[in-house]
Amino acid sequence: MLPVIPLAALFLAAFVLPLIALVAISLFRTPQFAELSLAQYLRFFSDPFSIKVLTDTLWLGTEVALATLVLAYPLALVYAASGQLMRTLITFLIMLPLLTSTVVRTFAWIVLLGRDGIINTAMLSLGLWQAPARLLYTWEGMVLALTQIQLPLMALPVINSLLRLDGNLTRAAEGLGASRARVFITIILPLTLPGAIAGWLLVFAAAATAFITQTLVGGGRIILMPSYIYQQAVGVQDWPFSAALSLIFTLAVTGIVFAIGALSRRYVRGVDAA
Amino acid sequence: MEQALSDVRGLSLDLKDIGHAFGATVALDRIDLTVAAGELIALLGPSGCGKTTMLQIIAGFLRPSRGEVRFDGARVEHIPANRRRIGMVFQNYALFPHLTVFENVAYGLRARKTAKDVIAAKVEQMLGLAQMASFARRLPGELSGGQQQRVALARALAIDPGLVLLDEPFSALDKNLRLDMQIEIKSLLKTFGVTSIIVTHDQEEALSMADRIVVLNKGRIEQIDSPDALYDRPASLFISSFIGHTNLLRGTVTDTDRVQLDAGPEIDLGRSAQRRRGTPVTISVRPENITFDAERPGAIPVTIRATVPLGAVSVTEGVTATGEAVKVSQARASGLAKVQAGDMAWLAISDVSRVSIFSTPVDDVSKHQQRSV
């Protein structure tokens, strides 16, 4: 028991106490901390704009998770079929984004996507585009940047569960007459689902809460929960409302994460949960 | 029912001059094998002998570096595994863990886009034959090893294969169950009339299952023969010690039909040794072909090391003056010689015609190391 006390103390001081404070603050009716009530929550749920911000944010997490999932499987299949040297190279490339700071990675995307950025310059000088396209400060640009940045969180668990898949299972399926596509859909996909779900949860939570990338690549015109909370707390100085926003957002993300975890445990048969 | 099943005819298999290398490592070399339709063949050999490579080539998971694979006379090297109509049973059964027993057996039929009612009837029939009908809704993880194996075989046979390949199918079963499953599966394969190839490193498995055994060693075929012929007339020193237990005794040819054993006596082979005088030879004598004898010229003197009762037989091991170990197997029913560890005893060969004679490998002669099996 004793060795965990420092960690428990840190957890208490840095997470539990602020969370309690957040709950307390959210229960005040005015920014001046007058009158206890559920007014802030009523305000959120009766305001279509706020609800739209929440659903947009959750949708962003879903889109990025889907995009990384679609990219991770081909990558994992190539990895599994590769030799040792190629595997080391792929692992390095996958890990690379994790080895640089979020700010650096995000600015790299700004350099790529900007009006005078690398992509626009290249396309214009090749004559493929007539005018510079608007890539930065768009939803698609933000999804693209987040997908690249979060890909390791999906690729690693998917690769891990693919490597644990018994090669005889795919051989057996092939021997029974299944095409490559059928083997993938009926054997590989269901049996690596725990890895995909683990990756999905990580990417979903990370993308939905990625304040820096959302703000810098998405720009000021796309309002999502992290920047909404920041704006209410720092800009408007409405602490009770931003505390309520924080709690609603936290509960929404963790609620979805737990729900998917529970569903997968119930419906994924015959596979060890990751 | 059996009448209808035996209409399913196995295909004939021909391997012609198959060779395969992984980089610089030669896995298979000059493999020629003909398997008749409906025959049950065992590929037997120690690990690394190339038997798994051979199985993968036949299955279509591996394309041989050279040579021809023919099914019913037609070449198939270019046909991928999923279009060869081969039933495979894997060492770990490779049942799909997320699918029920029914879905596992139906898998191959669904992949072939068979009609639903046909699938249901076929799966029911296969599970009935495998005595697994009441387990259709279970997941593989809920079955015992023997039950999983039955399902694996039902799944392989459900696609009406012309050829069934079984890769070490009994090694995951405990010993008591093994013989029962061997008998059951042999009869099931024979009922189907399907051509079958079992890959194994277990000689007992090969002897009990196969019509003919192909012994592989270091990527080459050492001998292809019936189980009895392999046991009684092994073609090489390797086979004589790989199939069953044997005693290897060194000696030198002294006359057309005589061998002077290093261990003492000169023995009369009763036939030509087919080697020149002075050739170093190793003779192979099965433990059941040796008896205790009185002290006399021609008997082999040994010091008894231990006696091990093995149920129906009792095995006694002695050591010759040259350090060669000799095992004597006696049937318990015929009364046992009373010997104890440390005793001197004299051994004789009961039937000289069942002794095999091989030239001693050159590197062994130079080292002149003792061998025991």
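1. Let's start with the domains. Chain B is divided into domain 1 (2–232) and domain 2 (245–367), and these bounds come from an automatic or database domain assignment. The C-alpha centres of domain 1 of chain B and domain 2 of chain B lie 39 Å apart. Keep in mind that this is a predicted model, in which local features need pLDDT of at least 70, side-chain atom pairs count only at pLDDT 80 or more, and totals for chains, interfaces and linings use all residues. To find your way around, residues are numbered from 1 along each chain as its sequence is written, while chains are lettered from A and ligands numbered from 1 in the order in which they are written.

2. Now for chain B as a whole. Its C-alpha trace spans about 80 × 45 × 35 Å along the principal axes. Chain B has ten helices and 20 strands; helices (H or I, at least four residues) and strands (E, at least two) are DSSP runs, numbered from the N terminus. Of the 373 residues of chain B, 39% count as buried. A residue is buried if 20 or more other C-beta atoms lie within 10 Å of its own, exposed if 12 or fewer, and partly exposed in between, with C-beta atoms placed from the backbone.

3. Contacts come next. Two residues are in contact if their C-beta atoms, placed from the backbone, lie within 7 Å. Among contacts in chain B between residues at least 6 apart in sequence, 66% join residues at least 24 apart.

4. Which strands form the open sheet in chain B, and in what order? The five strands run β15-β19-β16-β17-β18 of chain B, with antiparallel pairing; two strands pair if DSSP finds at least two bridges between them. At the edges are β15 (290–293) and β18 (325–331) of chain B, each pairing on one side only. From one strand to the next, the twist averages 45°, where axes are lines fitted to C-alpha atoms, for helices over the stretch in contact, and angles run from 0 to 180 degrees between N-to-C directions.

5. Strand β16 (residues 300–310) and strand β19 (residues 344–349) of chain B pair in the antiparallel sense over four bridges. B:Thr303 has B:Met344 in β19(B) as its bridge partner.

6. Where do the two chains meet? In all, 20 residues of chain B are in contact with 19 residues of chain A. On the side of chain B that touches chain A, β6 (86–89) and α3 (101–111) of chain B each supply at least two residues. The largest share of that side, three residues, comes from α3(B). By class, that side of chain B has 14 nonpolar, five polar and one charged residues. Here Ala, Val, Leu, Ile, Met, Phe, Trp, Tyr, Cys and Pro count as nonpolar, Asp, Glu, Lys and Arg as charged, and the others, Gly among them, as polar.

7. Is B:Gly87 buried or exposed? B:Gly87, found in strand β6 of chain B, counts as buried because it has 27 C-beta neighbours inside 10 Å. Not counting residues up to four places away in sequence, B:Gly87 touches B:Ala156, B:Leu157, B:Ile159, B:Pro161 and B:Val164.

8. Finally, look at two backbone angles. A:Gln237 has a positive phi of about 60° although it is not a glycine; A:Gln237 sits in the loop between α12 (225–235) and α13 (239–267) of chain A. B:Lys218, also not a glycine, has a positive phi of about 50° and lies in the loop between β9 (212–217) and β10 (220–225) of chain B. A:Gln237 is exposed, with 11 other C-beta atoms within 10 Å, and B:Lys218 is partly exposed, with 15.
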